Amino acid sequence: MIIANRKVSLSLVAFLLPWLLAATVFAQGDPPARVARLSYTKGTVSLQLSGATDWSQATLNYTVTTGDRIFADQGSEAELEAGPFALRLSESTDLTIANLNDQIMQLGLAQGTIRVSVYQMPSGNSVEVDTPNGALTLEGAGDYRVDTNPADGSTLVAVNSGSLQVTGGDVAQTVGSGQAVRLTGTNPIQIASVSQPRQDGFDQWSADRDRRVTASASARYVGRNMPGYEDLDNSGRWQDDSQNGPVWYPSNVASDWVPYRNGHWAWADPWGWTWVEDEPWGFAPFHYGRWSQYGSRWGWQPGPVIEQPYYAPALVAFVGGSGFSVGFGFGGGGGIQAWFPLGRGEPYFPSYGYSGDYLSRVNSTNIRNVTNISTITNINNINTINYANRQVATTAVPTAVFDSGQAVARQAIRVSAQQVAKGQIIARPVATPTQSAMVGGRPAPAPARLASSQRLAIATGPRLSPSTAGVKQP
């Protein structure tokens with residue numbers, strides 16, 4: 001939060017101190033606006049988060065970012081969506097998200113088969129796939145397949161549409177639409193032209209997934225670079241509101257359904273506490289836009305249609321304070337964690353480090369009909385905001401449920417209007433994540449079919465270098 005040209009009392013400074021610290025501690029820069037969503041899994045799909053040694057079961061709608069590693073076992077498939085890109089893994093595939101930010105998606109493929117669909121290549125963006133043989137730089141919109149075989153040390157690259165450049169040592173070659181090459185060796189790399197491989201079931205499945213994205217009716221209301229918008233088509237309906245713009249209403253939810261209750265909290269760096277919704281369609285409406293009640297129904301309103309939507313880990317406000325836990329039977333202090341969804345036009349103040357520019361963008365890209373975003377973010381005391389959803393949609397759970405990443409709905413505590421009124425809006429949950437909240441899902445054994453240790457070839461140059469790519473070696 002930015003406070004300028006104002007005198008505040010010592011009590012107000014003490015109250016705002018957590019917010020001021022969050023706004024000024026961002027030594028490593030603002031978090032990226034672009035993330036990857038784990039949008040599909042079949043079979044046994046495992047996730048190893050950046051810096052971790054343990055593996056977990058991949059969870060649908062989990063937020064994946066730089067350094068995370070994913071493995072699709074035999075007979076399994078997985079899909080990630082990241083802005084204008086879709087990444088799909090076939091069976092026995094070991095892939096690391098080496099770098100993912102607002103301009104770069106860099107992938108490390110140690111073994112297996114992936115397809116990369118680039119629906120558009122925004123100006124200044126790049127997509128790179130690093131293999132044990134060479135680095136592949138995708139040069140524009142298109143459809144690409146890469147097969148890395150550790151058994152014979154080769155990589156097969158097929159370009160169905162678009163073009164890419166293969167580099168390895170002093171060798172560089174462009175592969176155009178309809179062409180395929182086989183890569184062997186490492187330094188120097190050998191590149192041999194081959195026939196396009198015949199389409200298989202993995203290709204057909206990927207094409208079907210592409211059609212869901214490109215034919216989605218929801219693209220009329222949200223930007224195409226928002227992960228998960230295509231899942232809204234068959235899970236609800238859109239309605240144009242003359243005052244508020246398009247609103248999406250979920251179908252097949254319980255009459256007492258409330259946003260940010262049917263899921264769990266996870267700790268995901270660099271944001272910290274991150275919401276993971278259980279519904280298959282539950283990514284876009286919980287990381288972008290705002291929720292409001294329209295009569296007896298909950299409706300989601302996306303932000304304006306823009307090229308780069310700004311991801312948020314959870315668009316909620318947290319409730320706490322010294323008097324809030326009284327009467328719950330869990331003691332004072334951090335015994336209870338509570339939150340509610342932000343409503344139409346209400347400001348979002350992150351619980352992680354951010355700059356003033358980030359604060360402006362993460363709000364202006366997720367709220368419609370606000371001409372000057374500073375009018376809602378430049379305030380002295382957040383407790384003076386009349387939050388529309390505070391009395392009707394506050395969810396509370398014991399801290400032990402929250403900080404261990406347990407399912408919320410079945411352990412939620414009934415909160416009365418009087419109890420909510422006693423609470424204050426706080427900067428962040430008073431909870432320290434346990435190990436179970438810091439992994440992608442339930443614990444899983446290390447995949448048995450990982451390739452033996454091998455180095456990935458990484459493109460060098462001013463854009464990326466091996467020292468900054470962060471590719472994990474298997």
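This is a predicted model: local features need pLDDT of at least 70, side-chain atom pairs count only at pLDDT 80 or more; totals for chains, interfaces and linings use all residues.
User: Let's start with Arg361 in this model. Which residue does Arg361 form a salt bridge with?

Analyst: The general idea: side chains of opposite charge can pair when their charged atoms come close. Here, Arg361 forms a salt bridge with Asp357, and the closest N and O atoms are 3.1 Å apart. Both belong to helix α4 (residues 356-364), and being four residues apart there, they are separated by about one helical turn.

User: What does Arg209 pair with?

Analyst: Arg209 makes a salt bridge with Glu79, with 2.6 Å between the closest N and O atoms. Arg209 sits in helix α2 (residues 201-214) and Glu79 in strand β6 (residues 77-82), so this pair ties together parts that are 130 residues apart in sequence. Arg209 and Glu79 are both buried.

User: And where does Arg211 find its partner?

Analyst: In helix α2: Arg211 and Asp208 both lie there, three residues apart, about one turn of the helix. Their closest N and O atoms are 2.2 Å apart. Asp208 counts as partly exposed because its relative accessibility is 40%.

User: Now for pockets. What is the volume of the largest pocket?

Analyst: First the idea: rolling a probe the size of a water molecule over the atoms shows where empty space is left. In this model, the largest pocket has a volume of about 630 Å³. It is lined by 29 residues, and the closest to its centre are Ser255, Asp256, Trp257, Val258 and Arg261. By class, the lining of the largest pocket has 16 nonpolar, eight polar and five charged residues. Elements that each supply at least two lining residues include β19 (245-250) and α7 (417-422).

User: Which strand gives the most to the lining of the second largest pocket?

Analyst: That's β20 (residues 263-268), with four residues. The second largest pocket has a volume of about 480 Å³. Of its 20 lining residues, Thr59, His264, Gly405, Gly441 and Arg442 are the closest to its centre. The lining of this second pocket divides into seven nonpolar, 10 polar and three charged residues.

Technical notes: Residues are numbered from 1 along each chain as its sequence is written. Side-chain values use heavy atoms; hydrogens and water are left out. On a 1 Å grid over the protein atoms alone, a cavity is a set of points where a 1.4 Å probe fits but cannot get out, and a pocket is an open set with protein on both sides within 12 Å along at least five of seven lines; lining residues have an atom within 4 Å of a point. Grid points are joined across faces, edges and corners, and a volume is the space filled by probe spheres set on the points. Ala, Val, Leu, Ile, Met, Phe, Trp, Tyr, Cys and Pro count as nonpolar, Asp, Glu, Lys and Arg as charged, and the others, Gly among them, as polar. A salt bridge is a side-chain nitrogen of Lys or Arg within 4 Å of a carboxyl oxygen of Asp or Glu. Buried means under 20% relative accessible area, exposed over 50%, partly exposed in between (1.4 Å probe, protein chains only).
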